[in-house]
Every structure is written in C-alpha cells, then in structure tokens.
Amino acid sequence: MSNPTLPTHSPESRALVLGSTSPYRRELLARLRIPFVTASPGVDETPHIGETPQQLALRLALAKAQAVALQFPQAVVIGSDQVADLDGEPLGKPGQHDRAVAQLRRMRGQLVIFQTAVSVVCLASQFEETQLAQVKVRFRNLSDAEIEAYLRAEEPYDCAGSAKSEGLGIALLDSIDNDDPTALVGLPLIRTCQMIRAAGVRIL
C-alpha cells in the first residue's frame with residue numbers, strides 16, 4: 001500500500017503525520033487546525049516482562065513515531081500510547097465485553113493512573129523527544145449493574161481500562177487530577193504542541 005500524500009505546508013513549517021489509527025487521537029489533533037495525515041505504525045504492543053505501565057507507554061509511543069518516521073523522513077511524526085496503571089499493573093484495551101467487566105470491577109473505588117506518552121520524531125532534522133502525561137482518576141464504587149449498563153451503552157472496548165471519559169464514562173468517576181485535560185482521551189495536546197513547535201511545525 002502506498003503512503004498517503006503529505007498535506008501541503010509552508011516553507012516555514014514541516015508536514016505533520018499522526019502515527020496512529022485511533023479516531024480519538026485524530027479528533028484531538030484536528031483541534032489544532034493544522035493539515036496532517038495519519039499512518040498506521042504497525043507496532044507490536046505486547047508488554048515486556050517486568051515492564052511498568054509508565055515504561056510501556058513511553059516505549060510504545062517512541063516506537064510508533066519511529067516506525068512511521070521511516071515512511072515520512074522529511075515530516076514531523078507524532079506517536080502516542082496510553083496505559084491504565086492500577087497499582088503498577090498495566091491494563092490495556094479490553095477488546096471484548098467480559099474483559100471490560102473484569103477491568104471495571106477491579107478499578108471500582110480505586111485510584112488509577114492513566115499513563116499517556118507522546119513522542120515526536122523528525123528524521124530529516126534528527127529531532128526526537130518523548131514526554132509523559134499522567135492523569136490520576138478515582139473511580140466510584142460501581143455496582144455490577146452500573147458496569148453492565150455503562151458497557152452496553154458505550155462499548156468502550158478499544159479504550160485503555162474500558163473507560164471512555166469523553167462520553168458516558170465520566171459517570172464512572174469521582175475525580176480527575178491532571179495538568180492537560182486532553183491527556184485522558186489519548187493525546188496530551190499541551191505537550192504535543194510544545195514538541196511539534198520545537199520540531200518545526202507552525203501552529204499559529
């Protein structure tokens with residue numbers, strides 16, 4: 001399959017590529033009103049033995065950006081990954097209903113840290129930077145009936161920790177503590193803006 005055509009950009013700004021097929025990250029990046037294309041990084045997301053959730057998120061974000069940068073060496077490439085961290089154990093995307101039920105039962109009444117890493121890579125300028133945004137989320141003491149009702153309504157099986165906070169999932173929570181409100185959705189835009197500016201992308 002051929003690579004997508006890079007968006008037209010000015011001489012003062014490099015082209016931008018999002019190394020992700022996530023509709024949530026695509027919608028977030030579109031808020032910046034910068035032309036960009038998306039590309040699948042095709043990275044194996046299996047955790048390494050003994051890897052912490054933070055280490056996993058950082059490694060995968062960089063691996064995704066590097067993989068896509070090989071396809072677009074002149075462009076600035078964004079890679080991102082999110083891992084739900086429950087007492088040091090990574091909780092990934094459940095993929096199916098019964099796994100989502102098990103995840104939410106474990107998280108009820110608990111503090112879960114969503115580790116969201118973002119990497120920016122440009123091979124042409126040898127730019128590479130990775131940052132981590134942590135979001136501390138306190139879940140309500142959910143009943144089994146509430147968990148079932150939420151999952152049937154939202155079907156968040158492609159979300160880390162089964163929690164889609166930008167939708168009905170907000171009703172699962174007691175509190176959210178973070179310094180970037182977009183991080184929980186999957187792409188911390190404050191950090192992303194800082195890095196793509198440094199890499200040569202003009203935003204405003």
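**Reading salt bridges, a pocket and a helix**

Me: Is K64 buried or exposed in this structure?
Reply: K64 is buried, with a relative accessible area of 5%. The cut-off for that word is a relative accessible area under 20%. Keep in mind that this is a predicted model.

Me: Which residue does the side chain of K64 meet in a salt bridge?
Reply: In general, look for a side-chain nitrogen of Lys or Arg within 4 Å of a carboxyl oxygen of Asp or Glu. Here K64 pairs with D81, and the N to O distance is 2.9 Å. K64 sits in helix α2 and D81 in strand β3, 17 residues apart, so the pair links distant parts of the chain. D81 is buried too, with a relative accessible area of 4%.

Me: How many salt bridges does a search of the whole structure find?
Reply: The search finds nine. One of them joins D144 and R105, whose closest N and O atoms are 3.3 Å apart.

Me: Which parts does the pair of D144 and R105 tie together?
Reply: D144 lies in helix α4 (residues 144-154) and R105 in helix α3 (residues 97-107), so parts that are 39 residues apart in sequence are tied together. To place the two residues, check their accessibility. D144 is partly exposed at 37%, and R105 is partly exposed at 41%.

Me: Where is R108, which meets D144 in a salt bridge?
Reply: The side chains of R108 and D144 come to 2.7 Å, N to O. R108 is in the loop between α3 and β5 (111-122), while D144 is in helix α4, 36 residues away, and this pair also links distant parts of the chain. With a relative accessibility of 25%, R108 counts as partly exposed.

Me: How many disulfides does the structure hold?
Reply: A disulfide is a covalent bond between the sulfur atoms of two cysteines. This structure holds zero. Take C193 as a case: its sulfur is 17 Å from the closest cysteine sulfur, in C122, which is too far for a bond. C193 is buried, with a relative accessible area of 11%, and C159 is buried as well, at 9%.

Me: Which residues of helix α5 are buried?
Reply: An α-helix has 3.6 residues a turn, so residues three or four places apart point the same way. In α5 (residues 189-199), the buried residues are L189, R191, T192, C193, M195, I196 and A199. Among the elements that cover them are β1 (16-18), α1, β3, β5 and β6 (127-139). Just after α5, G200 takes a positive phi of about 110°.

Me: What is the volume of the largest pocket, and which residues lie nearest its centre?
Reply: The volume is about 550 Å³. The lining has 32 residues, and R25, E45, D81, K93 and D158 are nearest the centre. Elements that give two or more residues to the lining are α1 (23-30), α2 (53-71), β3 (76-86) and β4 (89-91). The largest share, four residues, comes from β3.

Me: How does the lining of the largest pocket divide by class?
Reply: Sort the lining residues into nonpolar, polar and charged. The counts are 15 nonpolar, nine polar and eight charged.

Terms used
Residues are numbered from 1 along each chain as its sequence is written. This is a predicted model: local features need pLDDT of at least 70, side-chain atom pairs count only at pLDDT 80 or more; totals for chains, interfaces and linings use all residues. Side-chain values use heavy atoms; hydrogens and water are left out. On a 1 Å grid over the protein atoms alone, a cavity is a set of points where a 1.4 Å probe fits but cannot get out, and a pocket is an open set with protein on both sides within 12 Å along at least five of seven lines; lining residues have an atom within 4 Å of a point. Grid points are joined across faces, edges and corners, and a volume is the space filled by probe spheres set on the points. Ala, Val, Leu, Ile, Met, Phe, Trp, Tyr, Cys and Pro count as nonpolar, Asp, Glu, Lys and Arg as charged, and the others, Gly among them, as polar. Buried means under 20% relative accessible area, exposed over 50%, partly exposed in between (1.4 Å probe, protein chains only). A disulfide is a pair of cysteine sulfur atoms within 2.5 Å. Contact means heavy atoms within 4.5 Å.
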